[in-house]
Every structure is written in C-alpha cells, then in structure tokens.
Amino acid sequence: MDFINAIILLLNYIFVPALTYGSQLALGAIFVTLIYGILRFANFATGDMMSFGTMAAILFTWYFQSLGVSLGVLPTALIAIPFAIIFMIFYMLLIDKLVFKYYRNQKSPPVQLAMVSIGVMFVTQAVVRIIIGPSDRRFFDGEKFIIKAGEFKEITGLNEGLAIKSTQVLTILVTLILVSTLFWFLNKTKTGKSMKAYSDNEDLALLSGIDPKKIVMITWIIAGILATIGGTLYGLDKSFKPFTYFNNMLPIFAAAIVGGIGNPFGAFLGGYVIAFSEILLTYAYKKFFMYVLPESMEPDGLVQLLSTDYKFAVSFSILVIVLLYRPSGIFKGKVL
Amino acid sequence: MRKNLNVIAAYSIMMGLIILVGIFQSWNIALSIFNLCLISAVMTMGANIQWGYAGLINFGIMGYTALGGLAAVLISVNPVQEAWTVGGFNILLSLFLIVGMVLAIKYVLKKYDKSKLRTYIIATIIISGIILIRFVSEPGIEAIEEVNPAKTGFLGGFGLPIIFSWIVGAVFAGGLAFIIGKVALGLRADYLAIATLLISEIVIAIIKHEDWLTRGVKNVIGLKRPAPYEVDLQQTDWFINLVEKFNFSKLNLIQDFSERQSTLNQLVIEGSSIFVKLCYSGLFLVVVIILLILTQKALYSPWGRMMRAIRDNEEAANAMGKNVVKQHLLIFVLGSAIVGIAGAMLVTQDGLFTPGSYRPMRYTFLIWVMVIVGGSGNNFGAILGGFAVWFLWIEAASIALFVINLTTSGLADTHFLKQHLIESVPYFRFLMMGIGLLLIMRYRPKGILPEKIEIK
C-alpha cells in the first residue's frame, strides 16, 4: 500500500505537472525551431508573440462570454482559439512584410535578424500592454477539476490524493493532436516536404522549383497556430501576464536548443526534458522516502536537491551543459 | 574639426535637450536624467567594445550589472560581527572546499587524457563536492540568516568607502566573464547570445536567493555615499551662503525678512539635492572620460587594428598568426568589466541594492538598443546612444501623453478610448524603443554616428 501511495505522490506532484508544463514548452520550442530552421534566425520575440496570441484569445473569450456563448464544462477559450489564430496569423504576416522580409531579401546575417527580432519584441510587448494591460488575468471558465484529491482518496482508499485539473488534460491532449498533425504535415504532404528541403538546403530547394515566398508564408502560419495555442494553454492552466510570457522565452529557448535547434521532434522532446528536470530536481522527496523506506531509515531533511527558487536556473544549466558537450543538441541529426 | 562636425552637432543637440528639460521641468529631473545617461554610457561602452570592436554578442549585460551592484554592497556595508561568529567558519570552509574542488578538477584534466573515464571522474568530483559543500554550508547559512533578519541576516561587507567598489565591481564582472568566456565563446553568434542571456538569469537567481550573501529580495538599503547628504548640507553655513549668492537678485526683491528666510530655506532644500546630484555627475563624468580616452587609444592602437581584423575575417586573422580565441576572451572580459563598473556606479547613485529590479528588458535589451542606435564600433556613437536612448526612455511618457492628447483632441475626456490610452502611457516607451530600433536598423544600420576608421 505504501508503495502505491508513493507512486501516486510522484504522479500528483511530479508527473502530471511536468507533463503539462512540458507540453506548453514543447509548443513554444517547436515554434522557435521552425523559425530557426526555415527563416534562419533566433527569434527573441517568441515569448511576446505567444502573449500576443493569448491576448487575442482572451479578447475573443470575453466577447463570447458577453454574448452568453459557452461550452459548458469546457472553457470558452476553446471557441475563441480559432478566431485568435486568424488574428495572430494576420499579425505575423504583417510583421514579416514590414520587418523581416527586407532583411531576408538582403540575405543579412542571422545575428542581424536576431537584433531585428528584439525590435519586434519591444513593439509586440508594447502593443500587448497597451491593449490589455500588464496585470495578471485569469480567463478560465468551466469545470476546473476532472478529479479532485479528496474524491480520489475516497474512491481508492489511499492516503495520497491525485488531483487532475481539466486544463492539464486539455493541454496534453491538444498538444498531442497538434504535434502529430504537424509531423504528419511535415513528413507526408508535398508542402511539408518542400519546407524540409528548403530548410536543408536553400539553394537546392530553389533550383528544384520550390517557391520561397510560399514556404515563408506557411512557416509564419504554422508558427502563428503554435504560438496562439501554446500561449492560450499556458494562460488557461496558470494565468496570463505579459511579463511571465516574456520570461517563458528562456526555458523555451533552452528546450529548443537541448532538442537540437532546427529539429521539431527534438524540440518537442526537449520541452519535456526541461520540464521534468526542473521539477525532478527541485521537488522535496521527504514524503516519498517516508513511504518507501522503513521507519528507521526515514530522512530528516526535505531531501531536496535544489530549492525551488532555482527552477529556472536548472533548465539554463542543462542548456549550458548541452551546449558545451553537444552544441547540436541531444537529438542531433537532419535539419527540420 | 570639420570631420567631427556631426559628432559635435549630435552632442550639442543632446545637451540642449537635457537643458530644455532643466528649464521646463526642473533641474533636479534634468540632472538625474543626465546621471543615468552617464551610467548608461559606461554600459554601452562596455557592450560596444565587445560588439563593435570584436563582433562578440553578449546578452548577459544584466548579470554583470548586478555583480557590480553586489560589489558595491560587499565593499561598503559594515561587517555583521555576530553573523561572522555564528556562520563565518562554515562559509569559509565551503569556500575552501570550492577552491579544492576546482583544483582537483584541474588536476584530473591535466593528468588524464580525454576519455569517458575522465568525464565520469569529473562528474563524481562535482556531485560529491556539491553534496559536501551543502552539508557544510547549510548550518552556517541558517545561522547567518537568523541573525536579526529584519535588519541584517547576512554577512555584511568590508565597510570600505563605496568608491572602491567600482574597481571591485569590474573585477567581479571580469571574473564572471572569464568563466563564461572560457565556456561559451566557442559557440556561434546566436547560440552565444542565448547562452549569455540564460547565464545572466542564473546569476540573478543566485543573487536573489542567496540571502546570507546579498540579503536577496529583502534588499540592502542606506548604502554609504561618496557625496554629502542633503540633510547635512542644509545645515552647513558655506552651502547656505553659496545658495544665497546664487539667488542674490531673486532674494533682494523680497522685502519682508521672514518671507525672505522661508524662500531661502526652500532654495537651500532644492539646491542641496541639485548639489548632491552634481557631485555624482562629476564623479561619473570622470569615469566616462577616462574610459573614453582609454577605449579611443585602444581603438587606434595596433591591438585595435588586430581586433577589427579578427572581427572582419577571423580565418584571415588566424592565418596571420593572431590568437583569435585568446583575444576574444580578453575583449569579453574587458567589456564585461566596464559593465561591472557601471553596475557599481548605479548602486552607488541609488544608495540601495534591489536584486528584484534586475530585469533583462531594462539591463540587457535596452543597452543593446543604445549600442545599435548610437553606432557600434564608435565610442562617441555608443555614448551618444546611451544618452539619446535613456533620454527617450524617461521622456517617452510625456511625449506619448502629448501625442495622445493631440490625436484624440476630438474626443471627450470621458471617452473610453482616450482614458484607456492615457492609462497605458507608460508602455509607449517600449513601442518607441522598438520602432526606433527597427527604423535605425533599416535605414541607418550603422547607427547615428557610424564607425569611422581613419588611417593615420
């Protein structure tokens, strides 16, 4: 019985939260990797683009709520997402046309494009804060829990409860669907294959008649979808605050690089690597050992490797180590 | 003279703008803008050395700034004796352990050839070292943090004049840059940018949470000053006389004695804070001028030529027998040390150290905007960038308010759009920075004062 309790404890405090957080990071990391693979620059506006998409989703959610539309147990934001995506894609294409296109045609070095993306970061951040303000916003409605800790204890008769929030299940499900569609698109359709070819060798792709304008446009569209859904899921699960989104850029970058930048599948796994290592290293295992070990061997301290203050530092340290020993990432291999 | 006409023109416009603020808003505001402009200029010079001279991208400016600030605390705060007696031994022992660990790793690196075994040995040393250090330091840290937590709760510093911290800040930042440079300089440009950004976040996390050393988010306030205190000045005779002399004509107009006295008092209070700010301006100006002379000399020296050669064509410079790796490391350390000075100056001016206020937007990206806007590779451009961007950053709200009032003058004051826009005035500064950066990068990619190399 103690053993099952220990497992449930780990599930509740490590596995489920890490899986959710990892999914959110994974979507962002695929976004970074796509931009890096095809447009060839590190996009420092990642976090703010995600917050822009989320802002659009929140505004549509409010609109639908004022109309009285709702999905019952599911959050209203789900209806808002498609509209937000359209809005977001429009914004991304506008930015590309006004800003990035010029440097692409000039064949500027990636560093210059990265600098330009800092300009875009400033502008996007300003637009988001001017429209919706800098404060913390919750826009989740509907049923909060699928199973509460107390109910779980009653049903199973265990000491430890397992609470599963509906946003957690939603996040994981949506991520799985989105990512598998994306991989299907990249690997099976003609457009997806031409994107891969473009990312692999630009000149060769152009020679074989691939239209670069179309590739770039589709990249921005996919990026817009990923950013909006990733951002909205994060906002539903936690809350929406522009500054947090800006900060999330850092673990997202870490995930993308750990997975091997330019490789979407690596980025997907990288998100989970970062999330699990952050939570595994900062969790206090005292209770776990109390269940597993006999009473005489119970630990005195919290058995915590690092204090939770260093959550971000963990992912960054992993990144630095990976950069040092395998600069091309854990899952190196083909590009895109 | 004519060659430098645009430099002189740009600087006169900048000074004119600050003077205008002095006339229309107040001299206090103008001087505080000027002081922060000077500090920004020092930071930009540091970033400019790395980016403009050598093409190294460093997004870790925030980390070095914070380390400089930490130096100001460690130098100027009086030591907390009680904390030293309860926890000092453990902390010193941990320090020895860290040194021992580094030496052991060095020994292993030297003794064994590169192999899996060596990696495992090093990993074991590091992991066991960390566990041992935690075991030793934990009780010490707990004891230190329990010493009067509301006021101290940390080890304190050395109780020296805070001016010394400007040098120590440079040493701290340079030391960190040496470690980072050793580790990360081999990376490609954009990886280096991301790596430095993340490492600076780690530095901030450590400063924020190691309360025994830095007091963390509880902040350190009331640091010593290199300048006199306003309250003392207001009691000093020579200062009151000075103020009286300055405002002679104004005071003479007032006949009534008590009214004259109260006006004088008002002027003395105002004057004291301007005087203190002027003291800081003088100190900062000295630093900026010294650094400017040094960096200009370096730029035109054989070393500067070599750095530009390395920046423009690494392979060719390497083929000519220049040690690219070593020079990159050197310039990385030098530039970061200058940023460290600026960090210490900033804390000196504020008189307080707030780890929570170090955010990448303000301390990394804004500095980069300054470098790019001012003109990378040109020291005068970098300083101008620091001035212009900081000025705009501060005055953006007033400008935005003016523009909003102008464009929405047709709407009633209670109109929701107008009210919403006026409420969000503070965020227009981000918009201005972003648009400014994008415009400069598009239409004047070399900055306001582009790099100009004269061959003498």
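Reader: What average pLDDT does chain B have, and what share of the residues score at least 70?

Author: This is a predicted model, and chain B averages a pLDDT of 89, with 98% of the residues at 70 or above. For the model as a whole, the scores are ipTM 0.89 and pTM 0.91.

Reader: Take chain A next. What secondary structure does chain A have?

Author: Chain A is made of 13 helices and two strands.

Reader: What share of the residues in chain A is buried, and what share of its contacts join residues at least 24 apart?

Author: Buried residues account for 45% of the 336 residues in chain A. Counting contacts in chain A between residues at least 6 apart in sequence, 75% link residues at least 24 apart.

Reader: Now the interface. How many residues of chain A are in contact with chain B?

Author: Interface size is often quoted as the accessible area lost when the parts come together. Here there is a residue count instead: 34 residues of chain A are in contact with 30 residues of chain B. On the chain A side, helix H3 (77–106), helix H4 (110–132), helix H10 (242–258) and helix H13 (311–325) each supply at least two residues. H4(A) gives the most, with 14 residues.

Reader: Which classes of residue make up that side of chain A?

Author: The side of chain A that touches chain B has 27 nonpolar, five polar and two charged residues.

Reader: How should I read a nonpolar core, and which residues have the most contacts inside the largest one?

Author: In soluble globular proteins, nonpolar side chains tend to be buried together. In this model the largest nonpolar core has 206 residues, and those with the most contacts inside it are A:Ala254, A:Ala255, A:Ile257, B:Val42, B:Ile338, B:Val369 and B:Leu437. Helix H2 (residues 27–54) of chain B contributes the largest share of this core, 17 residues. A second, separate core has eight residues, including B:Ile144, B:Val147, B:Phe154 and B:Leu155.

Reader: Take B:Val42 as a case. Is B:Val42 buried or exposed?

Author: B:Val42 lies in helix H2 of chain B. The cut-off for a buried residue is 20 or more other C-beta atoms within 10 Å; B:Val42 has 27, so B:Val42 is buried.

Reader: Which residues is B:Val42 in contact with, leaving aside neighbours within four places in sequence?

Author: B:Val42 is in contact with B:Val287, B:Val288, B:Leu291, B:Ile338, B:Ile341, B:Ala342 and B:Met345.

Reader: What about B:Ile206: where is B:Ile206 found?

Author: B:Ile206 is in helix H7 (residues 189–209) of chain B. B:Ile206 has 19 other C-beta atoms within 10 Å and is therefore partly exposed. B:Ile206 and B:Pro355 are 149 residues apart along the chain, and their C-alpha atoms are separated by 9.7 Å.

Reader: Last, the backbone. What is the phi of A:Arg40, and what is the phi of B:Arg215?

Author: Most residues other than glycine have a negative phi. A:Arg40 is not a glycine, yet has a positive phi of about 65°. Phi of B:Arg215 is also positive, near 70°.

Reader: Where are A:Arg40 and B:Arg215 found?

Author: A:Arg40 is in the loop between helix H1 (2–39) and helix H2 (46–67) of chain A. With 17 other C-beta atoms within 10 Å, A:Arg40 is partly exposed. B:Arg215 is in the loop between helix H8 (211–214) and helix H9 (230–235) of chain B, and B:Arg215 counts as buried, with 25 C-beta neighbours inside 10 Å.

Technical notes
Residues are numbered from 1 along each chain as its sequence is written. Chains are lettered from A and ligands numbered from 1 in the order in which they are written. This is a predicted model: local features need pLDDT of at least 70, side-chain atom pairs count only at pLDDT 80 or more; totals for chains, interfaces and linings use all residues. Two residues are in contact if their C-beta atoms, placed from the backbone, lie within 7 Å. Helices (H or I, at least four residues) and strands (E, at least two) are DSSP runs, numbered from the N terminus. Ala, Val, Leu, Ile, Met, Phe, Trp, Tyr, Cys and Pro count as nonpolar, Asp, Glu, Lys and Arg as charged, and the others, Gly among them, as polar. A residue is buried if 20 or more other C-beta atoms lie within 10 Å of its own, exposed if 12 or fewer, and partly exposed in between; C-beta atoms are placed from the backbone. A nonpolar core is a set of buried Ala, Val, Leu, Ile, Met, Phe, Trp, Tyr and Cys residues joined through C-beta atoms within 7 Å. pLDDT is the predictor's confidence in each residue, from 0 to 100.
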